[in-house]
Amino acid sequence: MSVVPVSKNDEVVVDIVGLTHDGEGVGRADGFTLFIQGALPGERVRAKVLKVKKQYGYAKLMEMVVASAERVDAPCAIYKQCGGCQLQHMDYAAQLSWKRQHVVDNLERIAKLRVAGDGVVAAAAGDGAGVGASVGTADNGAGVGASADGVNAGVVVHPTIGMDDPWRYRNKAQVPMGMEASGLIGGFYARGSHRIIDMNECLIQHSSNDEIIARVKAIGRELGVTAYSEETGRGLLRHVMARVGVLSGEMMVVLVTNGSKIPAVERWIERIRESVPGVKSIVQNVNTRKTNVIFGDETRVLWGSDVIYDELDGIRFAISARSFYQVNPAQTVELYRQAVDYAGLTGTETVIDAYCGIGTISLFLARRAGRVYGVEIVPEAIEDAKRNAELNGIGNATFEAGAAEVVIPRWRKEGIVPDVIVVDPPRKGCDAELLETILAMQPERVVYVSCNPSTLARDLRVLEDGGYRTVEVQPVDMFPWTVHVECCVSLYYYK
Ligand code: SAH
């Protein structure tokens, strides 16, 4: 039995050896692991122990003994209180390489994949099947050969694609509302709690969204609007969502209310229209449930259009309030181009886009494929997807609302034979049933777009066991200054 060498309230000097998936420094004090918020790998810090468990503990950063060369001053004034960003104290280039490494670690630990050029793997790959060869073959689309021969030089994980200007990238803000003595406030939940702190500016948010939220709060205060309280279940305004089409400049405001009646609704609408000239759509969503899920089931347009438009790589998209739309449009274009590239299309292929949202990836694919079938669980998003195909004169894309794991098995029975399946699931990854169906349908290629490296790795293992080889992984930085990383992965059927 090992003895825990530290106790609560001890002050210890700790060497930081890594970063957890949620951005805490991993420290070692006498061989004991301490998680320390705000500490970076390579640093030596003095820290006070907050909590001790059998295998590890938590400590608070008190003083820097040796700082990392990758440490920078966080530019945001509320960084320490707010839970939204986790890596503002880390140089941007260092973030990008940490994100790549985080993906590599998941592929190795969870998917049990060999990653080309990574430690032991590099040595193994040295015997004839060079790492370079794998990159080369994968690039020209004939990478399967290497795997089919049983020569596996390892998965190529490319450097993370970063942004030239990694600020103000978010096109959507969802702001919880609260009350203070002075009236309505809105901002963010303090790190690790549900206490709302008022906020006027978020440095990763498009400035139009900051402006809309500020105006809506001011109007709410003027009209004496109450904010919903999670404790009492009373009060009207729960959240305000603002979304801007970054290329079109069109804006949507969604008022999420506890109850369907908004007092003086006409004045609300008038005041919002007056003070936010770009607003094209004002929407109400009713959520009366005691839950921390933001949206309820009832959505209605209070004024203007039910959608705003935006454009990605020359394709126009109508986006309604409840539809998922990627939050960082510049990086989304990078991601989708990569997905299309990995799909290896010549113009004749049948492609399935699972978890298609408003048909964004589907329409990128449709420009290069014979036929595309998209499936998505939110019916409003499928309505948007159909409208988007029409809007862009794209006639070879078909969309269906439903769960991917239900609809795609049915498509299989109906005789649809895909050459490529693209999946882009939410954080929890693909449903097991869907993975089974992919293995049964055996498309030549699978493109896996993921916002969560650990569920990605879990699912890749299933696909690998079913005969697929993971060839390349392209991490894309969709969420600078946060720990999140998006990946696009190419797989081939090799048996
Ligand atoms: N590919 C789209 C959307 C990706 S987000 C884009 O890039 O914009 C994941 C999407 O999966 C969301 O739109 C969500 O509503 C949808 N979804 C969640 N569970 C699903 C399921 N079981 N079947 C189909 N779609 C699902």
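Two strands count as paired here if DSSP finds at least two bridges between them. Strands themselves are DSSP runs of E with at least two residues, helices are runs of H or I with at least four, and both are numbered from the N terminus.

A quick word on what we are looking at. This is a predicted model, where local features need pLDDT of at least 70, side-chain atom pairs count only at pLDDT 80 or more, and totals for chains, interfaces and linings use all residues. Residues are numbered from 1 along each chain as its sequence is written, and side-chain values use heavy atoms, with hydrogens and water left out.

Let's begin with a sheet. It is open and has 8 strands, in the order S6-S21-S22-S20-S19-S16-S17-S18, with mixed pairing. At its edges sit S6 (156-157) and S18 (397-401), each pairing on one side only. For a parallel example, take S16 (residues 350-354) and S19 (residues 420-423), joined by 4 bridges. There, isoleucine 352 has isoleucine 421 in S19 as its bridge partner.

Now to strand S8. Is it enclosed or open? Of the 7 residues in S8 (residues 183-189), 6 are buried, so the strand is largely enclosed by the rest of the structure. Buried means under 20% relative accessible area, exposed means over 50%, and partly exposed is in between, using a 1.4 Å probe and protein chains only. On one side, S8 runs antiparallel to S7 (residues 172-180), with 4 bridges between them. A hairpin of 2 residues links S7 to S8, and glutamate 180 stands opposite glycine 183. S8 also pairs with S9 (residues 196-198), again in the antiparallel sense, over 3 bridges. Tyrosine 189 faces isoleucine 196 in that pair. The hairpin of S8 and S9 has 6 residues between the strands, and glycine 192 in it takes a positive phi near 70°.

Next, the ligand. Which residues are closest to it? Among the 17 residues that surround the ligand, the closest are Tyr336, Tyr355, Glu376, Ala404 and Asp424; a residue is near if one of its heavy atoms lies within 4 Å. The shell divides into 10 nonpolar, 4 polar and 3 charged residues. Helix H8 (360-366) and helix H10 (404-413) each supply at least two residues of this shell.

Some individual atom pairs are worth a look. A polar side-chain atom of glutamate 376 is 2.7 Å from a ligand oxygen atom. For glutamine 326, a side-chain N or O atom lies 3.1 Å from an oxygen atom of the ligand. Alanine 404 uses its backbone: an N or O atom there lies 2.8 Å from a ligand nitrogen atom. On its own the ligand has 570 Å² of accessible area, and the protein covers 90% of that.

Finally, cysteine 451. UniProt lists Cys451 for "active site", in an unreviewed entry. Cysteine 451 is in the loop between strand S20 (445-450) and helix H12 (453-465). Buried or exposed? At 18% relative accessibility, cysteine 451 counts as buried. Ala, Val, Leu, Ile, Met, Phe, Trp, Tyr, Cys and Pro count as nonpolar, Asp, Glu, Lys and Arg as charged, and the others, Gly among them, as polar. Accessible areas come from the Shrake-Rupley method with a 1.4 Å probe, and for residues only the protein chains shown count as cover. UniProt positions follow the numbering used here, with shortened feature names, and annotations may be inferred rather than shown by experiment.

Technical notes
A polar contact is a pair of N or O atoms within 3.5 Å; within protein, one must be able to donate a hydrogen and the other to accept it, and residues adjacent in sequence count only if both atoms are side-chain atoms.
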